[in-house]
Amino acid sequence: MGKQGKEQASKAASLGVRHPLLIYRNLGRRYRPPALLLIVLGLFAQLPNKVAELQNEWVAPEALAKVGGVLILAGVGFWLFATLAERRAYVQCRPDVLVVRSPFRRTLLSYRRIQQVRAVPLSDLFNRDEVKGLGKVLLSPLWGMMAVEVRMKSWPTSPKWLRRWHGRYLFTPKGESWVFIVPNYSLLVRDLEEALQRKKHADRRESSGYLDPIARLERRR
């Protein structure tokens with residue numbers, strides 16, 4: 001690995017591990033088959049415009065090609081969404097804030113807003129009998145997993161809007177906590193607890209007026 005690659009790896013490590021949100025991974029995987037089907041149908045719809053033997057008197061090849069173009073665009077859109085859902089949805093403990101990232105929205109949470117972090121079985125947070133529709137499809141592969149519940153003291157914005165932006169299954173049913181379902185729940189709990197401890201120590205130093213040696217030198221300058 002070159003010097004630049006080592007610097008990038010060091011920077012990524014300092015920012016913290018990105019824990020993929022499995023809810024969105026399942027959502028992305030659900031959208032991939034329809035996306036592929038639409039693209040294939042769109043390509044087939046282009047054939048009569050290229051191959052005379054496939055033309056018929058009921059539908060003009062030009063009109064069919066236009067429909068095929070729309071199908072291809074729709075399929076590509078679904079495919080891009082699936083890719084973003086799988087790769088761009090994560091939670092990350094940065095030194096200063098907790099980052100919650102969904103495909104099209106990012107929310108920054110101060111560690112001072114967090115009241116409690118705990119690992120809990122997913123089935124204890126959601127009632128299987130009450131989960132319907134798309135939620136049932138997304139949660140079914142995850143019922144046996146542990147989730148990380150992050151109870152909040154306060155919210156950076158309206159919880160109602162956060163649920164709209166990030167999806168209802170990133171929150172407990174009553175909306176008092178975040179719910180993060182990630183591949184390694186114990187690592188996320190550890191990252192959060194360490195970040196909370198660092199923030200507490202920093203707050204104590206500020207309140208006591210303590211400055212570390214480096215900060216003292218900078219102040220003298």
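Predicted model: local features only at pLDDT ≥ 70, side-chain atom pairs only at ≥ 80, totals over all residues.
**Reading a sheet and a core**

In strand 7, Phe180 is the residue that Val148 stands opposite.

Visitor: How do strands of a sheet pair?

Guide: They pair through backbone hydrogen bonds, either parallel or antiparallel. Here, three strands make an open sheet in the order 5-6-7, with antiparallel pairing. Its edge strands, strand 5 (114–121) and strand 7 (177–180), each pair on one side only. From one strand to the next, the twist averages 20°.

Visitor: And over how many bridges do strand 6 and strand 7 pair?

Guide: Four bridges join strand 6 (residues 146–152) to strand 7, in the antiparallel sense.

Visitor: Now the core. Where do nonpolar side chains tend to be in soluble globular proteins?

Guide: They tend to be buried together. In this protein, the largest nonpolar core has 43 residues, and Trp178 and Phe180 have the most contacts inside it. Helix 7 (residues 185–208) gives the most to this core, with five residues.

Visitor: Which residues does Trp178 touch, leaving aside those up to four places away in sequence?

Guide: Among them are Val100, Leu109, Val148, Val150, Met152, Trp155 and Phe171, along with Glu149 and His166.

Visitor: How much of the protein do buried residues make up?

Guide: They are 34% of the 221 residues.

Visitor: What share of contacts with a separation of 6 or more comes from residues 24 or more positions apart?

Guide: Such residues account for 69% of those contacts.

Key:
Residues numbered from 1 in each chain as written. Heavy atoms only, no water. Core = buried A, V, L, I, M, F, W, Y, C linked by side-chain atoms within 4.5 Å. Buried < 20%, exposed > 50% of the residue type's maximum accessible area, 1.4 Å probe, protein only. Helix = DSSP H or I, 4+ residues; strand = E, 2+ residues; numbered from the N terminus. Contact = heavy atoms within 4.5 Å. Pairing = 2+ DSSP bridges. Axes fitted to C-alpha atoms, helices over the stretch in contact; angles between N-to-C directions.
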